[in-house]
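Dear colleague,

I am handing over the structure below for your records.

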Amino acid sequence: MCFHSQQSKDAQTLEKRFNANFLKAASYKPSVYNGFTFPNTPIITNLKSDQIQLFSWGLIPSWAKNIDFRKNTLNAKIETINEKPSFKNIQNQRCLVLLDAFFEWQWLDPLGKKKQKYCIEMPNAALFALAGLWSTWTDPFTDTIWNTYTILTTEANEQMSQIHNSKKRMPLILLPEEEKIWLQNGQISKERQIELRTSLI
(Lines give C-alpha, C1' and ligand atoms only; values in the text may rest on other atoms or scores of the structure.)
Protein backbone atom coordinates (compact mmCIF):
# COMPACT_ATOMS: atom_id res chain seq x y z
CA MET A 1 0.00 0.00 0.00
CA CYS A 2 1.08 3.63 -0.28
CA PHE A 3 0.60 5.90 2.73
CA HIS A 4 3.62 8.22 2.56
CA SER A 5 4.78 10.30 -0.40
CA GLN A 6 6.86 13.34 -1.30
CA GLN A 7 6.50 16.32 -3.56
CA SER A 8 9.66 18.42 -3.39
CA LYS A 9 9.29 20.43 -6.63
CA ASP A 10 8.00 23.99 -6.76
CA ALA A 11 4.76 25.02 -8.47
CA GLN A 12 6.49 26.28 -11.61
CA THR A 13 8.31 22.98 -12.13
CA LEU A 14 5.04 21.09 -11.76
CA GLU A 15 3.33 23.37 -14.28
CA LYS A 16 6.08 22.86 -16.84
CA ARG A 17 6.24 19.07 -16.44
CA PHE A 18 2.48 18.50 -16.62
CA ASN A 19 1.62 21.38 -18.97
CA ALA A 20 -1.02 22.72 -16.60
CA ASN A 21 -1.69 25.86 -14.57
CA PHE A 22 -1.46 25.57 -10.80
CA LEU A 23 -4.62 26.86 -9.11
CA LYS A 24 -4.04 28.43 -5.69
CA ALA A 25 -0.30 27.98 -6.02
CA ALA A 26 0.21 30.23 -2.99
CA SER A 27 -1.38 27.53 -0.82
CA TYR A 28 1.05 24.87 -2.01
CA LYS A 29 4.24 23.99 -0.16
CA PRO A 30 6.59 21.15 -1.19
CA SER A 31 6.49 18.53 1.53
CA VAL A 32 6.71 14.93 2.65
CA TYR A 33 3.14 13.71 3.08
CA ASN A 34 1.73 11.32 5.65
CA GLY A 35 -1.58 10.06 4.29
CA PHE A 36 -3.01 9.60 7.78
CA THR A 37 -2.91 13.40 8.27
CA PHE A 38 -5.03 13.75 5.08
CA PRO A 39 -2.84 16.45 3.50
CA ASN A 40 -3.76 18.59 0.51
CA THR A 41 -1.49 17.53 -2.33
CA PRO A 42 -1.29 18.42 -6.05
CA ILE A 43 -3.41 16.41 -8.48
CA ILE A 44 -4.89 16.77 -11.97
CA THR A 45 -8.47 15.61 -12.56
CA ASN A 46 -10.00 14.38 -15.80
CA LEU A 47 -12.54 17.26 -15.68
CA LYS A 48 -9.84 19.94 -15.54
CA SER A 49 -6.83 18.33 -17.16
CA ASP A 50 -5.15 21.70 -17.76
CA GLN A 51 -5.18 22.61 -14.07
CA ILE A 52 -3.22 21.45 -11.04
CA GLN A 53 -5.39 21.50 -7.93
CA LEU A 54 -4.91 20.70 -4.26
CA PHE A 55 -7.13 17.82 -3.08
CA SER A 56 -7.14 16.06 0.27
CA TRP A 57 -5.64 12.56 0.35
CA GLY A 58 -8.26 10.10 1.63
CA LEU A 59 -11.33 9.74 -0.56
CA ILE A 60 -14.75 10.53 0.92
CA PRO A 61 -17.62 9.14 -1.21
CA SER A 62 -20.53 11.50 -1.79
CA TRP A 63 -22.76 9.28 0.36
CA ALA A 64 -20.44 9.13 3.40
CA LYS A 65 -22.04 10.22 6.69
CA ASN A 66 -18.92 11.80 8.16
CA ILE A 67 -15.36 12.75 7.43
CA ASP A 68 -13.88 9.82 9.33
CA PHE A 69 -14.59 7.60 6.33
CA ARG A 70 -11.43 8.83 4.59
CA LYS A 71 -9.09 6.84 6.85
CA ASN A 72 -10.26 3.74 4.97
CA THR A 73 -9.69 5.06 1.45
CA LEU A 74 -6.14 6.35 1.20
CA ASN A 75 -5.61 3.53 -1.31
CA ALA A 76 -7.86 1.50 -3.60
CA LYS A 77 -6.97 -1.87 -5.13
CA ILE A 78 -7.43 -1.54 -8.88
CA GLU A 79 -8.49 -5.18 -9.06
CA THR A 80 -11.59 -4.55 -6.90
CA ILE A 81 -12.74 -1.00 -7.63
CA ASN A 82 -15.64 -2.46 -9.64
CA GLU A 83 -16.89 -4.14 -6.47
CA LYS A 84 -16.27 -1.69 -3.64
CA PRO A 85 -19.13 0.77 -2.93
CA SER A 86 -16.60 3.54 -2.27
CA PHE A 87 -15.23 3.39 -5.81
CA LYS A 88 -17.54 1.58 -8.23
CA ASN A 89 -19.65 4.67 -9.01
CA ILE A 90 -16.73 7.07 -9.50
CA GLN A 91 -14.52 5.15 -11.90
CA ASN A 92 -15.02 7.93 -14.45
CA GLN A 93 -13.62 10.44 -11.93
CA ARG A 94 -9.95 9.80 -12.59
CA CYS A 95 -6.92 11.83 -11.55
CA LEU A 96 -3.15 12.01 -11.62
CA VAL A 97 -1.44 12.21 -8.24
CA LEU A 98 1.74 14.24 -8.74
CA LEU A 99 4.88 13.41 -6.77
CA ASP A 100 8.57 12.68 -6.97
CA ALA A 101 8.87 9.90 -4.39
CA PHE A 102 6.95 7.55 -2.16
CA PHE A 103 8.04 5.52 0.85
CA GLU A 104 7.65 1.89 1.86
CA TRP A 105 8.84 -0.10 4.85
CA GLN A 106 10.43 -3.54 4.56
CA TRP A 107 9.70 -5.88 7.44
CA LEU A 108 12.93 -7.28 8.89
CA ASP A 109 11.14 -9.79 11.13
CA PRO A 110 7.88 -11.76 10.77
CA LEU A 111 5.87 -9.38 13.02
CA GLY A 112 7.17 -6.14 11.54
CA LYS A 113 8.66 -4.93 14.81
CA LYS A 114 11.86 -4.05 12.96
CA LYS A 115 11.52 -2.19 9.68
CA GLN A 116 13.73 -0.61 7.02
CA LYS A 117 12.45 2.54 5.30
CA TYR A 118 12.91 2.89 1.54
CA CYS A 119 12.47 5.97 -0.62
CA ILE A 120 11.24 5.01 -4.09
CA GLU A 121 11.94 7.56 -6.83
CA MET A 122 12.69 7.86 -10.52
CA PRO A 123 16.17 8.52 -11.97
CA ASN A 124 17.29 12.05 -11.18
CA ALA A 125 14.33 12.42 -8.80
CA ALA A 126 12.09 13.14 -11.79
CA LEU A 127 8.42 13.96 -11.35
CA PHE A 128 5.90 11.21 -12.05
CA ALA A 129 2.19 10.51 -11.62
CA LEU A 130 0.17 7.83 -9.89
CA ALA A 131 -3.27 6.77 -11.08
CA GLY A 132 -6.05 7.87 -8.74
CA LEU A 133 -9.77 8.48 -8.33
CA TRP A 134 -11.35 11.62 -6.91
CA SER A 135 -14.62 12.58 -5.26
CA THR A 136 -16.44 15.63 -3.93
CA TRP A 137 -18.21 15.40 -0.57
CA THR A 138 -20.37 17.92 1.26
CA ASP A 139 -20.25 17.84 5.05
CA PRO A 140 -23.90 17.43 6.13
CA PHE A 141 -23.29 19.42 9.32
CA THR A 142 -21.34 22.42 8.01
CA ASP A 143 -22.00 22.33 4.23
CA THR A 144 -18.23 22.45 3.72
CA ILE A 145 -17.23 20.97 0.36
CA TRP A 146 -14.29 18.55 0.40
CA ASN A 147 -12.37 17.53 -2.73
CA THR A 148 -10.62 14.24 -2.01
CA TYR A 149 -8.77 11.42 -3.77
CA THR A 150 -7.42 7.91 -3.42
CA ILE A 151 -4.31 6.29 -4.91
CA LEU A 152 -4.79 3.11 -6.92
CA THR A 153 -2.54 0.18 -6.06
CA THR A 154 -1.65 -3.00 -7.89
CA GLU A 155 0.32 -6.17 -7.28
CA ALA A 156 3.96 -5.39 -6.55
CA ASN A 157 6.61 -6.13 -9.13
CA GLU A 158 9.54 -8.35 -8.17
CA GLN A 159 11.68 -5.56 -6.76
CA MET A 160 8.86 -3.90 -4.83
CA SER A 161 7.69 -7.23 -3.41
CA GLN A 162 11.12 -7.53 -1.80
CA ILE A 163 10.82 -4.05 -0.30
CA HIS A 164 7.12 -3.98 0.61
CA ASN A 165 7.29 -7.58 1.71
CA SER A 166 4.30 -7.54 4.08
CA LYS A 167 1.47 -6.53 1.72
CA LYS A 168 3.32 -6.92 -1.60
CA ARG A 169 1.45 -4.01 -3.18
CA MET A 170 2.63 -0.88 -4.98
CA PRO A 171 0.97 2.28 -6.31
CA LEU A 172 -0.04 2.23 -9.98
CA ILE A 173 2.71 4.34 -11.53
CA LEU A 174 1.95 5.81 -14.95
CA LEU A 175 4.44 6.31 -17.74
CA PRO A 176 4.34 9.90 -19.06
CA GLU A 177 2.61 8.72 -22.25
CA GLU A 178 -0.03 6.93 -20.13
CA GLU A 179 -1.10 10.00 -18.19
CA LYS A 180 -3.51 11.49 -20.76
CA ILE A 181 -4.86 8.04 -21.59
CA TRP A 182 -5.70 7.45 -17.94
CA LEU A 183 -7.46 10.80 -17.62
CA GLN A 184 -9.38 10.44 -20.86
CA ASN A 185 -10.64 6.87 -20.69
CA GLY A 186 -8.97 4.98 -17.86
CA GLN A 187 -8.05 2.13 -20.19
CA ILE A 188 -5.33 0.39 -18.25
CA SER A 189 -5.66 -3.26 -19.27
CA LYS A 190 -4.40 -6.10 -17.11
CA GLU A 191 -1.63 -6.66 -19.64
CA ARG A 192 -0.66 -3.00 -19.48
CA GLN A 193 -0.74 -3.07 -15.68
CA ILE A 194 1.79 -5.89 -15.80
CA GLU A 195 3.94 -3.88 -18.21
CA LEU A 196 3.76 -0.83 -15.97
CA ARG A 197 4.74 -2.89 -12.96
CA THR A 198 7.83 -4.18 -14.72
CA SER A 199 8.90 -1.08 -16.65
CA LEU A 200 9.26 1.35 -13.75
CA ILE A 201 11.25 1.43 -10.51
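Phe22 stands opposite Ile52 in β5, at the place where strand β2 (residues 21-22) joins β5 through two bridges, in parallel. Please bear in mind that this is a predicted model.

Strand β4 (residues 40-45) is joined to β5 by four antiparallel bridges, and the bridge partner of Ile43 in β5 is Gln53. With strand β11 (residues 145-155), β5 pairs in the parallel sense over two bridges; here Ser56 stands opposite Thr148. Because six of the seven residues of β5 (residues 51-57) are buried, this strand is largely enclosed by the rest of the structure.

The largest nonpolar core has 48 residues, and Tyr149 and Leu152 have the most contacts inside it. Strand β10 (residues 128-138) gives the most to this core, namely six residues. Beyond its neighbours within four places in sequence, Tyr149 is in contact with a number of residues, including Ile43, Phe55, Ser56, Trp57 and Leu133.

There is also an open sheet of four strands, in the order β3-β1-β8-β9, with antiparallel pairing. Since β3 (31-34) and β9 (115-120) stand at the edges with a single partner strand each, one side of each is left without a neighbour in the sheet. From one strand to the next, the twist averages 25°. Within this sheet, six bridges join β8 (residues 101-107) to β9, and Gln106 has Gln116 in β9 as its bridge partner.

With kind regards

Technical notes:
Residues are numbered from 1 along each chain as its sequence is written. This is a predicted model: local features need pLDDT of at least 70, side-chain atom pairs count only at pLDDT 80 or more; totals for chains, interfaces and linings use all residues. Side-chain values use heavy atoms; hydrogens and water are left out. Two strands pair if DSSP finds at least two bridges between them. Axes are lines fitted to C-alpha atoms, for helices over the stretch in contact, and angles run from 0 to 180 degrees between N-to-C directions. A nonpolar core is a set of buried Ala, Val, Leu, Ile, Met, Phe, Trp, Tyr and Cys residues joined through side-chain atoms within 4.5 Å. Buried means under 20% relative accessible area, exposed over 50%, partly exposed in between (1.4 Å probe, protein chains only). Contact means heavy atoms within 4.5 Å.
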